[in-house]
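Colleague: Could you take me through this model and the cut-offs behind its labels?
Modeller: Gladly, here it is.

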Amino acid sequence: EDLADVPSSVMALLEAKYSHLDEKEKFRRIRISLKRQQAPRTQPRNYSHSSAMRKKISQRTKEALARPDVKMKMRQSRKDIITPEVRKKIGESVSKTYASMPKEKKAK
């Protein structure tokens, strides 16, 4: 099979990742994973859009955010990110950390 030339360390990691699946599905996913790892990148890492493309993206974003359905969706997605209980816990933790900090390290 095409998995014969895969290093044993990589194979062990992938098998552990997909251990909850049956053999056929596990090896199918391992093959897909390896092909994706070997595939060339479609864009270089330091890729940046042209100024015309940036304007186009900006314009389409503004148009989309002007639509009420998109605006509502954005509001709904932001609501439950941090619950009041979690916010309170974070505040207490920050206060405790700040109180135990030496005076010279505290922000002015």
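Modeller: Let me start with a polar contact: the side chain of Lys26 makes one with the side chain of Glu23, at 3.2 Å. A polar contact is a pair of N or O atoms within 3.5 Å; within protein, one must be able to donate a hydrogen and the other to accept it, and residues adjacent in sequence count only if both atoms are side-chain atoms.

Colleague: What kind of model is this, and how are the residues numbered?
Modeller: It is a predicted model, where local features need pLDDT of at least 70 and side-chain atom pairs count only at pLDDT 80 or more, while totals for chains, interfaces and linings use all residues. Residues are numbered from 1 along each chain as its sequence is written, and side-chain values use heavy atoms, with hydrogens and water left out.

Colleague: What makes Lys26 and Glu23 a salt bridge?
Modeller: Their closest N and O atoms are 3.2 Å apart, and the definition asks for a side-chain nitrogen of Lys or Arg within 4 Å of a carboxyl oxygen of Asp or Glu, so the pair qualifies.

Colleague: Why are Lys26 and Glu23 about one helical turn apart?
Modeller: Because they are 3 residues apart in helix H2 (residues 23-38). Helices are DSSP runs (H or I, at least four residues), numbered from the N terminus.

Colleague: Why is Lys26 called buried?
Modeller: Its relative accessibility is 9%, so it counts as buried. The scale is: buried under 20% relative accessible area, exposed over 50%, partly exposed in between (1.4 Å probe, protein chains only). Glu23, at 48%, is therefore partly exposed.

Colleague: Which residues does Lys26 contact, leaving aside its neighbours within four places in sequence?
Modeller: They are Glu15, Tyr18, Ser19 and Leu21, where contact means heavy atoms within 4.5 Å. Ser33, also placed in helix H2, touches Leu14 and Tyr18, again not counting residues up to four places away in sequence. With a relative accessible area of 14%, Ser33 is buried.

Colleague: How many salt bridges does the whole structure hold, and what links Glu25, Arg28 and Arg29?
Modeller: The search finds 4, and those three residues are linked in a network of salt bridges. Arg28 meets Glu25 at 2.9 Å, N to O, and Glu25 meets Arg29 at 2.8 Å. Within helix H2, Arg28 and Glu25 lie 3 residues apart, whereas Glu25 and Arg29 lie 4 residues apart. By relative accessible area, Glu25 is partly exposed at 21%, as are Arg28 at 40% and Arg29 at 32%.

Colleague: What makes Ile81, Ile82, Val86, Ile90 and Val94 a patch?
Modeller: Patches are made of residues with over 30% relative accessible area and no salt bridge; like charges are joined within 9 Å, nonpolar side chains (Val, Leu, Ile, Met, Phe, Trp, Tyr) within 5 Å. These five form a nonpolar one on the surface, with about 410 Å² of accessible area together. Val94, in helix H5 (residues 84-100), counts as exposed at 52% relative accessibility.

Colleague: Where is confidence lowest, and where is it highest?
Modeller: Helix H4 (residues 68-79) is lowest, at a mean pLDDT of 83, and helix H3 (residues 51-66) is highest, at 95. The chain averages 84, and 94% of the residues score at least 70; pLDDT is the predictor's confidence in each residue, from 0 to 100. Where pLDDT is low, the predicted coordinates should not be read in detail.

Terms used:
Accessible areas come from the Shrake-Rupley method with a 1.4 Å probe; for residues, only the protein chains shown count as cover. Helices (H or I, at least four residues) and strands (E, at least two) are DSSP runs, numbered from the N terminus.
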